[in-house]
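Me: Got a structure I'd like to go through with you. Can we start with the core and move on from there?

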Amino acid sequence: MKVVLFCGGYGMRMRSGAADDIPKPMAMVGPRPLIWHVMRYYAHFGHTEFILCLGYGAHHIKDFFLHYEETTSNDFVLRGGRTELLSTDIADWTITFAQTGVESPIGERLRRVRHHLDGDDMFLANYADVLTDAPLPRMIDSFTRRDAGASMMVVPPQSSFHCVDLGEDGLVGGITAVSELPLWENGGYFVLRQEVFDHIPEGGDLVADGCAQLAKRGRLVAHQHRGFWKPTDTVKERAALDAAYARGERPWALWEREDAGVGA
């Protein structure tokens, strides 16, 4: 199944200075950028056809793959001055690099790569900067059995703040952590049918327009995931993932688990 990745935004909260033009998906976690971790996740489950919706800082993403160094994350033998790889990451990947505009909303980026889907009824989509250990095959199978136009993974609220229940007299009736409220957030992992394009106008958004319209028509389903899920919207969040990687705490790296088969 083809995978559409949105990787063209500015990522202002991730940038360290005015001269920093590295797009957010290229922020490093361990020896590889975020986008690689996301793509490696999909490839682990056999989805190796990628369509990258490029925009801001596109040349960084292109250069990374055009000059890809397999030895960074694979064992190899150096014999007679020649490198013999013992395994590879991207040898079986097909990557389409599509410029979708610097200012384009997510929905418009999707519209601009529709022809690259070759008419496939179902495809996957993601923001290219969120890591998870979600069971992708289960998510896809569940959606396939449903009569729906789209599925989005949802996760419990990640905020560390608390909500306060106030009475009319100003007395606090209770305090509840946001994460304990019966609410769910968009987790960024989508399974979509071509039907979603019927509800995304020119210059529109995938969630606010496409998914919202499908929801009104009873055509949107959700996959609830309570496992590992981490966004990387800020420098702090990226640094936390990088530190976890250094400690060997990589729950999203299912490909590193000896017991993690394709059907996990």
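Me: Which residues touch the most other members in the largest nonpolar core?
Reply: This is a predicted model. In its largest nonpolar core, those residues are Leu 5, Tyr 42, Leu 52 and Phe 65. The core has 50 residues.

Me: Which helix gives the most to this core?
Reply: Helix 1, residues 34-44. Eight of its residues belong to the core.

Me: What does Phe 65 touch, not counting residues up to four places away in sequence?
Reply: Met 39, Leu 52, Ile 90, Trp 93, Ile 95 and Phe 97.

Me: And what does the second, separate core include?
Reply: That core has 21 residues. Among them are Ile 51, Leu 117, Ile 200 and Cys 211.

Me: Back to Phe 65's helix. Which residues are buried in helix 2?
Reply: Helix 2 spans 58-66, and Ala 58, Ile 61, Phe 64 and Phe 65 are buried there. These residues are on the same side of helix 2, because they cover an arc of only 130° around the axis.

Me: Are Cys 53 and Cys 211 buried or exposed?
Reply: Buried. Cys 53 has a relative accessible area of 0%, and Cys 211 has 1%.

Me: Switching to strands. In what sense do strand 11 and strand 12 pair?
Reply: Antiparallel, over five bridges. Strand 11 covers residues 162-166 and strand 12 covers 172-177. In one of these bridges, Val 164 partners Ile 175.

Me: What do strand 11 and strand 12 form?
Reply: A hairpin, with five residues between the strands. Gly 170 sits in the turn and has a positive phi of about 85°.

Me: Last one. Where does Asn 126 lie?
Reply: In strand 8, residues 122-126. Asn 126 counts as buried because its relative accessibility is 0%.

Me: What polar contact does the side chain of Asn 126 make?
Reply: One with the side chain of Tyr 42, at 3.2 Å. Leaving aside neighbours within four places in sequence, Asn 126 also has contacts with residues including Val 4, Leu 5, Phe 6 and Val 38.

Notes:
Residues numbered from 1 in each chain as written. Predicted model: local features only at pLDDT ≥ 70, side-chain atom pairs only at ≥ 80, totals over all residues. Heavy atoms only, no water. Core = buried A, V, L, I, M, F, W, Y, C linked by side-chain atoms within 4.5 Å. Buried < 20%, exposed > 50% of the residue type's maximum accessible area, 1.4 Å probe, protein only. Helix = DSSP H or I, 4+ residues; strand = E, 2+ residues; numbered from the N terminus. Contact = heavy atoms within 4.5 Å. Arc of directions from axis to C-beta. Pairing = 2+ DSSP bridges. Polar contact = N/O pair within 3.5 Å; in protein donor to acceptor, adjacent residues only side chain to side chain.
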